[in-house]
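Dear colleague,

I am passing the structure below on to you, together with a summary of what was found in it. Please read the notes with the coordinates open beside them.

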Amino acid sequence: MSADTITGTETTSRATSAEDIDALIARRVPGHSLEAPFYTSDEVYQRDLDEIFAKNWIFVAASAQIPEPGDYVTVEVGAYSVILVRDDDEQVQAFHNVCRHRGSRLLEERQGAVGNIVCPYHKWTYGVDGKLLFAESQPPTFDKSCFSLRSVHVRNLAGLLFICLAADAPDDFDAVAEKIEPYLRPYDLDKAKVAVFDELPEAGNWKLVMENNRECYHCDGHPELITAYFPLFAYEAEDITPRLKPLYDRYVKAGDALAKVRAQQGVPLTDHRELDSRVVGYQISHLPLDGEGKSFSPGGAAVCKKLLGSVKEAAFGDLSLHMQPNSWFHFLSDHAVVFSVLPTSTGTSVLRTVWLVHPDAVEGEDYDLDALTMVWRATNDQDRALVTGTQIGCSNPGYVPGPYSMVEDDVEGFVNWYVKRLGGQL
Amino acid sequence: MSADTITGTETTSRATSAEDIDALIARRVPGHSLEAPFYTSDEVYQRDLDEIFAKNWIFVAASAQIPEPGDYVTVEVGAYSVILVRDDDEQVQAFHNVCRHRGSRLLEERQGAVGNIVCPYHKWTYGVDGKLLFAESQPPTFDKSCFSLRSVHVRNLAGLLFICLAADAPDDFDAVAEKIEPYLRPYDLDKAKVAVFDELPEAGNWKLVMENNRECYHCDGHPELITAYFPLFAYEAEDITPRLKPLYDRYVKAGDALAKVRAQQGVPLTDHRELDSRVVGYQISHLPLDGEGKSFSPGGAAVCKKLLGSVKEAAFGDLSLHMQPNSWFHFLSDHAVVFSVLPTSTGTSVLRTVWLVHPDAVEGEDYDLDALTMVWRATNDQDRALVTGTQIGCSNPGYVPGPYSMVEDDVEGFVNWYVKRLGGQL
Amino acid sequence: MSADTITGTETTSRATSAEDIDALIARRVPGHSLEAPFYTSDEVYQRDLDEIFAKNWIFVAASAQIPEPGDYVTVEVGAYSVILVRDDDEQVQAFHNVCRHRGSRLLEERQGAVGNIVCPYHKWTYGVDGKLLFAESQPPTFDKSCFSLRSVHVRNLAGLLFICLAADAPDDFDAVAEKIEPYLRPYDLDKAKVAVFDELPEAGNWKLVMENNRECYHCDGHPELITAYFPLFAYEAEDITPRLKPLYDRYVKAGDALAKVRAQQGVPLTDHRELDSRVVGYQISHLPLDGEGKSFSPGGAAVCKKLLGSVKEAAFGDLSLHMQPNSWFHFLSDHAVVFSVLPTSTGTSVLRTVWLVHPDAVEGEDYDLDALTMVWRATNDQDRALVTGTQIGCSNPGYVPGPYSMVEDDVEGFVNWYVKRLGGQL
């Protein structure tokens with residue numbers, strides 16, 4: 001592992017053609033961060049949209065964000081805009097947010113409720129099932145049935161909504177959903193209540209936001225988080241330095257206690273990691289928390305009095321789910337936090353974070369908004385600053401890819417999956 | 001007319017080469033809105049500048065904006081900047097707004113008055129006829145006559161100033177001017193006074209601004225306008241729905257009354273529509289107004305006490321002129337409003353609007369500024385919002401071109417002209 | 001010299017390929033300003049970074065800005081960011097400002113002081129000599145010595161710091177340094193004190209900022225400067241118009257007086273001009289000042305009580321140094337002002353200006369900050385406005401290159417050097 005093995009240099013750090021991108025993919029050095037153009041080239045960004053975001057299942061919202069018929073959220077994925085709306089049969093539908101007449105955007109707000117979807121331009125009117133109901137001044141030959149809103153694939157996995165923009169969605173999703181669903185069942189997210197919906201602009205390529213989330217090597221920079229979260233994610237026993245030993249001992253002990261609670265609750269007891277070996281890459285692990293072991297808060301205390309779904313024990317740790325390419329999730333006894341990264345340009349992204357609580361939990365009574373959101377609002381903002389520094393650093397022609405440490409395996413898992421999908425090798 | 005005939009898809013929605021643009025032109029589906037790259041591609045925008053804005057006659061100002069020798073306006077057309085200045089012989093001249101020495105911009109203001117045109121950098125000094133009068137520290141071989149300002153073709157059509165940036169301007173202009181001039185003669189715009197000069201930035205490609213103006217299918221969105229303006233532009237008798245019947249009856253009656261006034265005034269009585277059949281495409285129609293039938297105002301009341309030029313009757317309706325590629329005009333008995341759309345980037349434009357009144361009309365006495373401008377300031381702003389929504393909607397890869405309704409014939413007339421000129425087929 | 005010899009036209013004013021740029025270089029007309037794409041094309045800008053800024057010696061700072069071990073400045077050159085830091089042996093080192101791990105920017109501030117250089121992301125820690133001292137969680141095979149910060153060539157020429165980003169720096173530097181050093185020796189800049197460090201954003205391509213500095217044809221626009229500075233830079237006797245005659249007589253007389261002082265001080269008495277005949281192009285001239293002849297101030301009065309280094313006489317004129325591609329300098333008896341132009345995008349730049357005084361000079365006692373900086377802050381800002389107008393003017397497709405006057409020889413000297421280096425002909 002020496003610098004000599006690194007092929008990236010200033011003179012090869014731009015990518016402006018499909019061949020350049022193919023060459024970048026081909027010469028990728030495993031175990032190292034990606035070459036600069038993956039983060040800085042507009043052409044790579046465009047290929048990311050085409051091959052990653054338009055062809056994979058993308059987590060975009062919690063179903064709890066649209067509980068009633070007519071409720072909708074809109075999601076921007078690059079230049080795409082998609083409406084997710086609950087129809088009159090209470091099913092979630094997804095449509096391109098664009099009128100079939102002359103292309104006006106239909107719904108401008110991030111979320112809301114509608115009877116029908118009415119274009120602001122010429123009042124073409126669509127039902128929440130996407131059917132064109134009304135368009136004035138049409139010739140007799142006009143066939144309304146040909147002008148329904150264009151639909152987008154959508155799946156509800158235990159309360160988590162995924163879309164796929166491709167005509168043919170990867171059929172891998174069902175198999176993965178079947179594996180994950182038993183872990184999520186106790187939390188009953190489909191019935192949860194949205195406590196907060198945040199949107200944080202990031203000054204970095206979407207992959208830097210993801211890579212940042214995939215390791216805890218930087219967790220010393222998250223003082224609020226690590227009062228409850230063990231900063232040992234992806235650490236093996238052999239990675240434990242003397243500095244980390246007391247923490248590790250506590251972690252092992254808390255893990256043993258959690259194992260018993262998990263058994264009592266009747267949830268699956270094994271963790272899964274298929275980050276780069278299948279199209280719908282994921283990882284699920286049930287982790288203990290420090291201190292009281294109940295929630296993300298100073299000392300691990302609970303932040304909501306009502307437990308989610310059928311969870312019986314407050315000290316239920318953190319069910320952690322990673323999904324490729326753009327999401328991660330923390331499910332706790334008293335709340336859940338779901339995160340989706342949405343690309344907005346080569347060097348910018350948006351992070352959406354939603355905090356979910358029990359449907360009957362009352363703000364001010366059962367939970368305090370600041371206490372509920374404090375840890376992850378602080379953590380998101382700290383990560384935002386690190387991502388900004390990495391985007392600007394990678395843009396420096398003096399940057400060359402460096403080696404991942406022993407505790408950055410999941411960054412490698414993300415990057416592997418990404419490079420394989422981009423190159424069409426999964 | 002089914003969605004199956006639409007060829008635009010996400011995968012073909014980018015245009016980055018001359019061949020791509022040629023293919024877009026070739027596969028254009030008549031009767032449908034244009035494919036996305038026409039509104040979103042930087043390369044198409046560049047071709048628009050080269051083939052549309054640099055080769056056609058472009059309306060840019062009213063001659064009344066520069067009444068005296070030395071008066072000037074500057075106009076930005078894409079990256080071009082042009083000075084229109086009245087010379088000492090009272091003729092309008094047009095020049096590239098750039099010094100012949102090292103390229104400094106000469107005049108920075110939108111309008112003003114000068115004796116000579118002096119470069120702010122090294123004080124090269126040009127007469128208002130463009131001749132270089134003074135340049136210090138030149139060698140004996142320096143020939144001032146070689147460094148006049150580069151001129152731009154300019155024509156004054158009854159008080160409306162058109163420029164052409166090409167070396168050879170289309171010779172079609174004179175024939176069209178001859179047709180239009182008799183309609184404009186009564187308004188004597190060359191002698192008019194500028195009441196207001198507005199500039200409105202639009203977040204849309206210039207063609208979306210034009211298309212928006214070319215139909216009244218969306219006029220329900222203009223509550224101020226339609227108190228006087230019949231929202232029936234381009235409607236034929238067979239397009240009249242039951243909802244529109246009472247309006248239409250009023251329109252026919254007002255039209256009959258206007259016909260008599262037009263005959264008394266001695267103006268041409270026929271309308272003309274040559275929107276896509278010649279290089280200098282245009283349409284002229286004299287329309288009745290609702291209510292009092294006099295002006296753009298609530299109830300159609302007059303907004304200026306003095307009538308323009310030789311107009312004898314206040315209830316003189318609305319002489320409506322459309323010119324390709326970038327302008328429209330309303331001439332009323334008591335004022336005129338002239339509009340020019342100027343491209344500033346792929347996704348942005350500027351709309352310039354000038355309100356003209358009788359040269360002796362006094363603000364506060366003969367007219368009130370707010371009352372004069374209220375209808376079109378409101379309408380322009382409403383249109384701006386619709387254009388914004390269409391630009392962002394067309395940028396969505398989920399957009400596919402849709403069919404024009406029966407009352408969008410003039411949008412088709414604009415688009416036909418545009419596509420033909422872009423493809424070199426007119 | 002007629003306009004007919006000018007080849008630039010609207011249709012050829014874009015450059016998007018390497019061949020386009022080669023053609024632009026090949027058809028350059030000597031004695032004329034450059035064609036528009038040199039100032040407006042992103043591709044030319046990129047070649048400027050590659051061939052000019054990454055391959056030449058670039059002035060970036062005064063050594064007095066980092067007097068103590070651990071003191072650093074950071075410099076942005078296009079997307080590059082470079083750290084200049086004084087090491088524990090008091091030598092100046094230069095490194096790419098990017099972590100060898102995952103590419104985070106290391107130092108965010110423009111200047112400061114550090115013990116070690118610690119990456120904000122994962123705490124990789126480097127000494128001020130660039131060596132990697134610490135990186136947690138590495139495998140046994142990890143060899144720290146392979147991950148030192150990547151160094152950048154740096155030279156200290158009598159207190160002026162130059163970097164070269166290329167692997168092989170031009171070896172011409174030493175020969176030039178040897179010529180220049182005797183002129184600078186009396187000012188002892190290595191020991192000077194920084195009074196002010198300004199950074200001025202410019203809305204123009206870096207070359208326009210340089211060209212503006214290379215002539216005094218526009219100096220009437222600098223009323224503060226020309227109370228002391230003779231606006232005759234690059235004027236020969238035959239360039240003197242009647243208007244300039246009284247000024248010129250004063251200039252000759254002051255020059256004679258200065259010649260005696262220079263002889264007494266024992267500095268080299270000849271001027272040198274090798275602007276376009278070698279890789280490290282430069283020009284050095286010792287010029288008299290108007291009025292008291294001591295400093296840049298109204299009437300040429302001194303602005304600091306303590307003279308620099310071993311300078312013995314306050315009326316010591318202005319030692320003026322130009323260096324290709326991005327810097328100029330004024331050395332006076334009582335202070336020095338050093339200027340570096342740093343490109344930030346095709347149409348924007350940053351000008352850094354540092355005022356240096358005697359190390360023992362005390363603000364408020366020996367000098368007043370406003371009085372010290374007044375002339376060049378005003379001049380820089382006036383030049384900024386001229387550069388803005390030229391950038392916007394050159395972007396106008398109506399721009400064609402024009403002829404340099406007789407007093408713009410050094411603009412030609414700059415442009416010659418630039419075109420030769422860009423074309424690989426020096």
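Predicted model: local features only at pLDDT ≥ 70, side-chain atom pairs only at ≥ 80, totals over all residues.

**Chain A against chain B**

One of these salt bridges joins Arg102(A) to Glu408(B), with the closest N and O atoms 2.6 Å apart. On the side of chain A that touches chain B, the elements that give two or more residues are α3 (42-53) and β3 (80-86) of chain A, and by class the residues of that side divide into eleven nonpolar, ten polar and seven charged. The contact involves 28 residues of chain A and 36 residues of chain B, and the area buried between the two chains is about 2800 Å², with 53% of it on carbon and sulfur atoms.

**Chain B against chain C**

Between chain B and chain C the buried area is about 2900 Å², and carbon and sulfur atoms give 53% of it; here 28 residues of chain B are in contact with 36 residues of chain C. The count of salt bridges between chain B and chain C is three, among them the one in which the side chains of Arg102(B) and Glu215(C) meet at 2.8 Å, N to O. The side of chain B that touches chain C takes two or more residues from each of α3 (42-53) and β3 (80-86) of chain B, and its residues comprise eleven nonpolar, ten polar and seven charged. For polar contacts, the rule finds 15 residue pairs across the interface of chain B and chain C, both residues being at pLDDT 80 or more.

**How the copies are related**

Chain A is superposed on chain B by a rotation of 120° with 0.0 Å of shift along its axis, at an RMSD of 0.0 Å, and the two copies are therefore related as by a three-fold rotation axis. Within chain A, the residue that comes closest to the rotation axis is Thr16(A), whose C-alpha lies at 7.1 Å. Chain B can likewise be laid on chain C by a turn of 120° and a shift of 0.0 Å along the axis, with an RMSD of 0.0 Å, and in chain B the C-alpha nearest the axis belongs to Thr16(B), 7.1 Å from it.

**Inside chain A**

The domain assignment divides chain A into domain 1 (58-157) and domain 2 (188-422), whose C-alpha centres lie 32 Å apart. Their contact takes 15 residues from domain 1 of chain A and 19 residues from domain 2 of chain A, and the area buried between them is about 1400 Å², 58% of it given by carbon and sulfur atoms. Of the area that domain 1 buries against domain 2, Phe59(A), Ala64(A) and Arg110(A) supply 43%, more than any other three residues. Arg110(A) also forms a salt bridge with Glu199(A), the closest N and O atoms being 3.8 Å apart, and the count of salt bridges between the two domains is one. On the side of domain 1 that touches domain 2, β1 (58-62) and β2 (71-77) of chain A are the elements that give two or more residues, and that side has seven nonpolar, six polar and two charged residues.

Definitions and conventions: Residues numbered from 1 in each chain as written. Chains lettered and ligands numbered in written order. Heavy atoms only, no water. Contact = heavy atoms within 4.5 Å. Buried area = accessible area lost by both parts, 1.4 Å probe. Salt bridge = Lys/Arg side-chain N within 4 Å of Asp/Glu carboxyl O. Polar contact = N/O pair within 3.5 Å; in protein donor to acceptor, adjacent residues only side chain to side chain. Helix = DSSP H or I, 4+ residues; strand = E, 2+ residues; numbered from the N terminus. Nonpolar A, V, L, I, M, F, W, Y, C, P; charged D, E, K, R; others polar. Domains from an automatic or database assignment. Least-squares fit on C-alpha atoms with pLDDT ≥ 70 in both.
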